[in-house]
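Dear colleague,

Please find below the structure that I am handing over to you. My notes on it follow directly after.

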Amino acid sequence: MTAEGKTASFQLDGATVPFEPGQTVIQAALAAGHYIPHLCYHPEFKPHGSCRVCTVEVDGRTVASCTLQAQDGMEVLSQSDRLRKEHQTLVQMLFVEGNHFCPSCEQSGNCRLQAVAYDLDIMSAELDHLFPNRPVDASHPEILLEFNRCILCELCVRASAEVDGKNVFALSGRGITKHLIVNAESGRLADTDIAVTDKAMEVCPVGVILRKGVGFRVPIGERRFDRQPISAQAREDAPRRPTTGNEDST
Amino acid sequence: MSSELETAANPARLKRVVIEPLSRVEGHGKITILLDNDDHVQQVRLHIVEFRGFEKFIQGRPYWEIPVMVQRLCGICPVSHHLAAAKALDQVVGVDHLTPTADKIRRLMHYGQILQSHALHFFHLSSPDLLFGFDSDVARRNIVGVAAKYPDIARQGVLLRRFGQEVIRVTAGKRVHGTGAIPGGVNKAVTQAERDELLEDIYHVIAWCRSAVELAKRLHLTNVGLYNSFGAFRSNLLSLVAPDGGMDLYHGVMRARDSNGDIIFDKVDYSRYWDHLTEEVRPWSYMKFPYIRALGADAGWYKVGPLARVQNCDHIPTPFAEAERCEFVDFGSGQPVHATLAYHWTRMIELLFAAESIKGLLHDDDIMGDELVVRGERRERGVGVIEAPRGTLIHHYRINEDDQAVRANLIVSTTHNNQAMNEAIRHVAKRYLDGRKLTEGLLNHIEVAIRAFDPCLSCATHALGKMPFHVELIDAEGQCIDTLVKSSLERCP
């Protein structure tokens, strides 16, 4: 509400988007059904602003919409040729920084990175692949860590610390050498207290944290992004109250 | 093991003729022919010029990913690799018997694969040679030429392939590179709508398959002298058969016959295939040379694929295909047929068998069941064998206690036929090329012999790190100052 008692709103690509006090631009946009590409944003967690895929333009300035507080009367641009190219490049950089082999990945069809890339009409990486050496951690009897796919969104770090209260994950290194690690002296997942019911198991937007032995159980055609492109599912990412891990996960 | 014309005595002094690329086959290969000054053939070899290496890069991957990953070996027969891997991993997850629904969905997928691949091969790849002649006008010798002169034949070929791919889509989720088979079962059944859609076409499909058998048979019988002798050689035969001896392309026991049709081994559990089969590596090829262990490398090589299968089984469990099998066996007058071009006739008999099998499965309510997956006690190793369109396909994996693949051995159909294909082209080279001035039409004779086997060259090359090599360090005066020799490795995973 504004001081005059009207619902506060901003303009997003010419459309009026109402918002609640304290909401960021992406939160308000998604709640109203307007899609802005995003990867490290999660509707149950505080915005993080690390991947920059949700970049928009306000007053000629580019800014991450997940950390930008919505303001009444603000004019936001998320769709322009220049922004689209920027979104594409940001996603392409994520592809070449890791090792992403969609054809044999069990998250194909449920992967947000893949879905965002399809939505942005990215047909190739265009940049040189870095081919980092990231061995998988298969030490845990029920959980596989496929580090090759990590995009450093830190959602697992946050979920494990803030919801599960376990601190299983952390980021280590700086710049291009930054990488996900397991908080155990041995560095092995088997030596942590992670459980398949943890929130950290649910939040990975790609295919790093996987329940063992269940890959490909969902047939093609029934996976999340088989049904509709990610841009048509904006409301599913509208802000919601945080939940704990999946208690039904067996 | 070596055969006549495999290695010339003085290759440096001979003229070299290269057929590259081989056309109208899957994958990339070439044939080299060495001729002396009088144009007599001294050496003929089939080479595979691409390298795949799946056996190596599967290492470290989680086992449930393997059926989806290894099918990328091929765009024509991915279902075969998908299912062979899934069968191996059934064993890894402790499952010896799938649910009826899972078993029948996989069979449906497989017979869809056989149908589309055999149709592709006969109509698109081989029919131009067979309908127009091996040395006919090269500009017309292709599927476009067939479509112009024989539009009904071309149309039936296209529609048969399309139907097979639809069967695959319904069972695997996509026409190419689906995900239907998972360790211990499948991830989807068939819906009533999907079943009705396929049943609408199945009667046309069976009629077209019967016509295809008639066409292949007519081509053979109207030029029986050529078809019986072209690239013909005697060899052992290998395939899976059902426990009762009937044809079964999805599952069964291993049976081998000698060139007279006598049993070498039978009712062999394929999960210990290495007791009976082994492979040899030769320095000039990325493709290994398998043979029956008990007979040794020189006498133990064999043929796989339709010509072996139709003659290895005791009967075909579908009526039209069985009638055709009987006619084919009668044609052999009590002896196995070893004519290379009879692959086409027998391939079409299998095409008909696949179509009739699809019909039977579509009428079975089990394909709409909801019990899709079972699990047992984890095992360390799994072997899956299937009769792929081109022949016996073996997938063998060892999985560590962390669920990662540590070893893989893939013996694909085309590899089983390696020696056989080399024999065929050597026979053709000697009969048709020796002492003659080479023309495109004559060289196409070599390709016709290769095509009969329907090789998939991209599937067949995995001998990473196993090829023997010999390195010599020569100083400026030409003296050898050091030598490094590595022999080939032969090991079961």
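The side chains of A:Glu44 and A:Lys199 form a salt bridge, with 2.8 Å from N to O; the term denotes a side-chain nitrogen of Lys or Arg within 4 Å of a carboxyl oxygen of Asp or Glu. Between domain 1 and domain 2 of chain A, the count is one salt bridge. The model is a predicted one, in which local features need pLDDT of at least 70 and side-chain atom pairs count only at pLDDT 80 or more, while totals for chains, interfaces and linings use all residues. Residues are numbered from 1 along each chain as its sequence is written, chains are lettered from A and ligands numbered from 1 in the order in which they are written, and side-chain values use heavy atoms, without hydrogens and water.

In chain A, domain 1 covers 9-79 and domain 2 covers 104-217; such bounds come from an automatic or database domain assignment. Contact (heavy atoms within 4.5 Å) links 13 residues of domain 1 of chain A with 16 residues of domain 2 of chain A. A:Leu39, A:Phe45 and A:His48 supply 52% of the area that domain 1 of chain A buries against domain 2 of chain A, more than any other three residues. Buried area here is the accessible area (1.4 Å probe) that two parts lose on being put together, summed over both.

In chain B, the C-alpha atoms of B:Leu240 and B:Arg309 are separated by 7.6 Å, although these residues are 69 apart along the chain. Among the residues that B:Leu240 touches are B:Tyr270 and B:Val385.

With kind regards

Note on methods: Lists of a residue's contacts leave out its neighbours within four places in sequence.
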